[in-house]
Amino acid sequence: MTYIVNDNCIRCKFMDCVEVCPVDCFYEGENMLVIHPDECIDCGVCEPECPVEAIKPDTEPGLEKWLQINAEYSKIWPNITAKKEPPADHKEWEGVAGKEQYFSPEPGTGN
Ligand code: SF4
Ligand code: SF4
């Protein structure tokens with residue numbers, strides 16, 4: 001089992017989650033973060049930190065696609081361990097449905 005980040009994170013990217021992770025297994029894309037499934041120790045402390053409920057255990061149904069995206073992109077995006085400024089328009093994207101269409105495979109800058 002692992003925790004994963006889903007499309008609720010897209011264009012929100014508050015990054016409250018990264019500072020609590022004891023094993024620093026968050027990776028930054030251009031407009032969302034992912035968790036490395038092989039590095040996550042399933043501690044669950046990040047889940048309540050996310051204000052938009054983007055972090056879920058992969059045992060929840062319907063998350064197969066996002067598990068695959070987390071696994072794939074955590075291998076190529078840079079590691080992020082400290083909170084940065086969220087996108088200027090992040091409030092407008094909070095809770096918007098169907099954000100999957102805005103997924104970007106481009107990497108973030110990490111830190
Ligand atoms: S706190 Fe939630 S929305 Fe923010 S970066 Fe982490 S997973 Fe994404
Ligand atoms: S469940 Fe724990 S180890 Fe996994 S990403 Fe969240 S804080 Fe990190």
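Residues are numbered from 1 along each chain as its sequence is written, and chains are lettered from A and ligands numbered from 1 in the order in which they are written. In this predicted model local features need pLDDT of at least 70, side-chain atom pairs count only at pLDDT 80 or more, and totals for chains, interfaces and linings use all residues, while side-chain values use heavy atoms, with hydrogens and water left out.

## Ligand shells

A residue belongs to a shell if one of its heavy atoms lies within 4 Å of the molecule. Ligand 1 has 13 residues around it. Cys9, Phe14, Met15, Cys17 and Cys50 come nearest. By class, this shell holds 11 nonpolar, no polar and 2 charged residues. Ligand 2 is also surrounded by 13 residues. Here the closest are Cys21, Cys40, Cys43, Gly44 and Cys46. The shell of ligand 2 divides into 12 nonpolar, 1 polar and no charged. In these classes Ala, Val, Leu, Ile, Met, Phe, Trp, Tyr, Cys and Pro count as nonpolar, Asp, Glu, Lys and Arg as charged, and the others, Gly among them, as polar.

## Cysteines

A disulfide is a pair of cysteine sulfur atoms within 2.5 Å. The count comes to 0 disulfides. Cys12 is in none; its nearest cysteine sulfur, that of Cys9, is 7.1 Å away. Burial is set by relative accessible area: buried is under 20%, exposed over 50%, partly exposed in between (1.4 Å probe, protein chains only). Cys12 counts as buried because its relative accessibility is 0%.

## Nonpolar core

A nonpolar core is a set of buried Ala, Val, Leu, Ile, Met, Phe, Trp, Tyr and Cys residues joined through side-chain atoms within 4.5 Å. The largest one has 32 residues. Val5, Phe26, Met32, Leu33, Ile35, Ile55 and Phe103 have the most contacts inside it. Two or more residues come from each of β1 (3–5), β2, β3 and α1 (64–73). Helices (H or I, at least four residues) and strands (E, at least two) are DSSP runs, numbered from the N terminus.

What does Met32 touch, not counting residues up to four places away in sequence? The list is Val5, Asn6, Cys9, Ile10, Lys13, Tyr27, Trp66, Trp77 and Phe103. Contact means heavy atoms within 4.5 Å.

## Buried charged residues

Glu28 sits in strand β2 (residues 26–28). Glu28 counts as buried because its relative accessible area is 3%. Its side chain makes polar contacts, meaning pairs of N or O atoms within 3.5 Å; within protein, one must be able to donate a hydrogen and the other to accept it, and residues adjacent in sequence count only if both atoms are side-chain atoms. One reaches the backbone nitrogen of Thr109 at 3.4 Å. Another pairs a polar side-chain atom of Glu28 with the backbone nitrogen of Gly110 at 2.6 Å. Leaving aside neighbours within four places in sequence, the contacts of Glu28 include Lys13, Leu33, Trp77, Pro107 and Gly108.

Lys56 is placed in strand β4. Lys56 is buried at 17% relative accessibility. Beyond four places in sequence, Lys56 touches Thr2, Tyr3, Ile4, Asn6 and Leu63.

Asp7 lies in the loop between β1 and β2. Asp7 is buried at 15%. With neighbours within four places in sequence left aside, Asp7 is in contact with Trp66, Gly98, Lys99 and Glu100. The C-alpha atoms of Asp7 and Phe103 are 7.6 Å apart, across 96 residues of chain.

## Asn111

Asn111 is found in the segment after α2 (90–93). Asn111 is partly exposed, at 45% relative accessibility. Its side chain reaches the backbone nitrogen of Thr81 at 2.9 Å. Contacts of Asn111 outside four places in sequence are Asn79, Ile80, Thr81, Ala82 and Lys84.

## Positive phi

Most residues other than glycine have a negative phi. Two residues in the loop between β3 (33–35) and β4 (55–57) are tabulated here.

| Residue | Phi | Relative accessible area |
|---|---|---|
| Asp42 | about 60 degrees | 30%, partly exposed |
| Glu53 | near 55 degrees | 52%, exposed |
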